Amino acid sequence: MATTTTLAKAAEGTEPAAYAARIEHVSKSFAGPAGQQLVLDDITLDVAPGEFVTLLGASGCGKSTLLNLVAGLDKPSAGGISTDGRPALMFQEHALFPWLTAGKNIELALRLRGVPKSERRDKAEELLELVRLKGAYGKRVHELSGGMRQRVAMARALAQESKLLLMDEPFAALDAITRDVLHDELTRIWRETKVSVLFVTHNVREAVRLAERVVLLSSRPGRVAREWTVGIPQPRRIEDTAVAELSVEITEELRGEIRRHGQH
Amino acid sequence: MASTDTKRPAGDRDAQDGGDLAGLEAGLDALESVQQGRKPFRQTFVEKILPPAVAVLLVLAVWQALVSFEIVDDPTKLPAPSDVWDVLHQAWLQGELLGYIWTSVSRGLLGFCFALLIGTPLGLLVARVKFVRAAIGPILSGLQSLPSVAWVPPAVIWLGLNNSMMYAVILLGAVPSIANGLVSGVDQVSPIFLRAGRTLGATGLKGTWHIVLPAALPGYVAGLKQGWAFSWRSLMAAEIIASFPDLGVGLGQLLENGRNASDMAMVFEAILLILVVGIAIDLLIFSPLERWVLRSRGLLVKG
């Protein structure tokens with residue numbers, strides 16, 4: 001089977017691409033103890049420019065694998081993925097470099113993108129202000145709280161000025177209050193920067209709280225099981241009734257998917 | 001928030017969210033940030049300086065007691081601390097003391113710098129190139145357990161009795177430590193940093209420079225520390241075995257001269273100086289370097 005991974009670089013001044021990410025018939029298998037194990041099966045999914053999509057699934061649905069493929073950290077076994085430029089990626093761990101200050105972490109991203117030295121400092125301060133961490137420039141990573149670290153990580157990801165931001169359960173390790181605040185922040189930043197987001201989570205409410213479109217993956221192998229368009233206007237709250245109602249519906253579906261695996 | 005909020009129009013909530021969220025966030029940040037301050041000097045003195053000082057005084061007291069109570073009453077076997085002090089003082093007055101120390105320290109540090117220049121790229125090669133690792137990795141670890149004094153005879157035969165022979169022995173002692181330190185530092189780099197680096201565009205040499213090397217720094221510095229200890233030991237071995245008047249008198253030669261003259265006070269003087277200089281270099285250069293690296297990453301456990 002043919003495998004293609006293309007980085008469609010949209011040259012400046014030309015037509016913007018019709019998609020931020022295009023995933024076409026992507027399959028991925030790994031060599032396991034019982035031979036080749038199919039993790040992702042024929043996934044087709046588009047993320048439109050400026051769209052916020054959450055990928056929802058139980059463990060073992062390959063959602064992180066899919067994100068790694070889109071990030072270009074791994075290659076699909078079959079099918080093709082094209083993205084509009086190199087996507088930025090945020091992990092569950094903040095993955096900030098502890099030998100650099102918060103500001104220098106962001107500056108490294110700018111430097112690797114080719115931003116000239118004279119502009120880096122100002123840009124970094126600007127990005128810190130965007131995530132409301134003005135004054136944290138000189139702070140070491142270990143001096144920041146979990147929520148602050150994820151915000152710096154977000155600023156570093158945004159420093160790449162990618163059209164697409166990939167997020168792999170970035171708030172899963174945070175306490176509920178902080179996570180709630182970061183949902184609000186992410187929504188605000190997404191609306192301000194108009195970046196496209198592909199957000200992976202196993203938390204249904206989080207998926208509904210954030211996304212314009214929720215994509216449910218089935219497990220082992222991961223397939224697109226169903227999609228919902230979330231029409232609730234932003235900013236939402238995780239405790240909104242409309243969010244709760246849709247969450248109930250999606251949870252039912254997710255449980256059904258999980259139950260199938262017990263019926264062997 | 002009350003549930004009635006859900007019925008508000010979105011625009012209204014937008015405006016309200018801005019101020020609310022910023023305040024909430026500032027509060028969370030303040031509550032969860034780690035406050036760090038430096039310890040007052042008194043506490044450092046009581047916890048760090050006093051205990052070793054007491055230990056040293058105790059050793060001196062026991063030593064003096066052994067001589068005073070004539071438990072060991074042969075000064076050719078055990079000189080009194082005061083005799084050793086006299087020899088030291090004499091050497092100082094004659095202006096020779098700093099000469100001994102400088103001869104050895106300059107050799108040691110210069111040799112260490114050469115070892116650094118060779119050990120660092122070597123370690124990087126072993127860590128990053130699979131073939132090189134398979135080929136010389138085990139030998140490099142094995143060399144660490146070979147006492148570097150074993151290199152003195154061949155070094156004398158190859159290079160003669162001169163400074164190059166001393167440097168050769170230092171290199172053979174220190175390079176494996178430095179290289180191995182870097183290898184283990186690189187091996188311990190968390191994969192998440194490598195992935196994060198790759199998504200930021202740090203691949204190949206850029207990745208090595210911006211991600212791998214700084215991430216491996218704690219292991220590398222530990223290797224440097226050990227490398228210095230090995231340099232110093234190798235140098236002393238070389239100086240003792242290959243003492244030759246033209247080479248100038250370093251601390252190793254001083255020890256050997258003391259033995260030849262059956263002057264125990266001089267032998268003790270030399271041993272003390274070797275110990276003190278070795279510790280001093282570590283305390284003045286390598287320990288602060290290590291502490292700085294660890295502290296800046298929040299890896300230094302306080303308490």
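Colleague: For which residues of chain B does pLDDT stay under 50?

Modeller: This model is predicted, and each residue carries a confidence value from the predictor. For the stretch in question, the model has seven contacts beyond four places in sequence. The stretch over which pLDDT stays under 50 is residues 1-11 of chain B.

Colleague: In which element of chain B is confidence highest?

Modeller: Chain B has a mean pLDDT of 85, and 91% of its residues reach 70 or more. Confidence in this chain is lowest in α1(B), where the mean is 68. The highest value, 92, belongs to helix α4 (residues 97-128) of chain B.

Colleague: Which element supplies the largest share of the side of chain B that touches chain A?

Modeller: The contact between the chains involves 32 residues of chain B and 34 residues of chain A. On the side of chain B, at least two residues come from each of α1 (10-32), α8 (191-200) and α9 (204-241). The largest share is eleven residues, and its source is α1(B).

Colleague: Which helix gives the largest share of the side of domain 1 of chain A that touches domain 2 of chain A?

Modeller: The domain assignment of chain A places 18-87 + 162-264 in domain 1 and 97-161 in domain 2. Their C-alpha centres lie 26 Å apart, and twelve residues of domain 1 are in contact with ten residues of domain 2. The largest share of the domain 1 side is six residues, from helix α5 (residues 176-193) of chain A.

Colleague: Which strands are the edge strands of the open sheet in chain A?

Modeller: The open sheet has six strands in the order β6-β7-β8-β4-β9-β10, with mixed pairing. An edge strand here pairs on one side only. The two strands are β6 (88-90) and β10 (224-229) of chain A.

Colleague: What is the bridge partner of T54(A) in β9(A)?

Modeller: Strand β4 (residues 52-56) of chain A and strand β9 (residues 213-217) of chain A run parallel and are joined by four bridges. In β9(A), the partner of T54(A) is V214(A).

How values were computed. Residues are numbered from 1 along each chain as its sequence is written. Chains are lettered from A and ligands numbered from 1 in the order in which they are written. This is a predicted model: local features need pLDDT of at least 70, side-chain atom pairs count only at pLDDT 80 or more; totals for chains, interfaces and linings use all residues. Domain bounds come from an automatic or database domain assignment. Two residues are in contact if their C-beta atoms, placed from the backbone, lie within 7 Å. pLDDT is the predictor's confidence in each residue, from 0 to 100. Two strands pair if DSSP finds at least two bridges between them.
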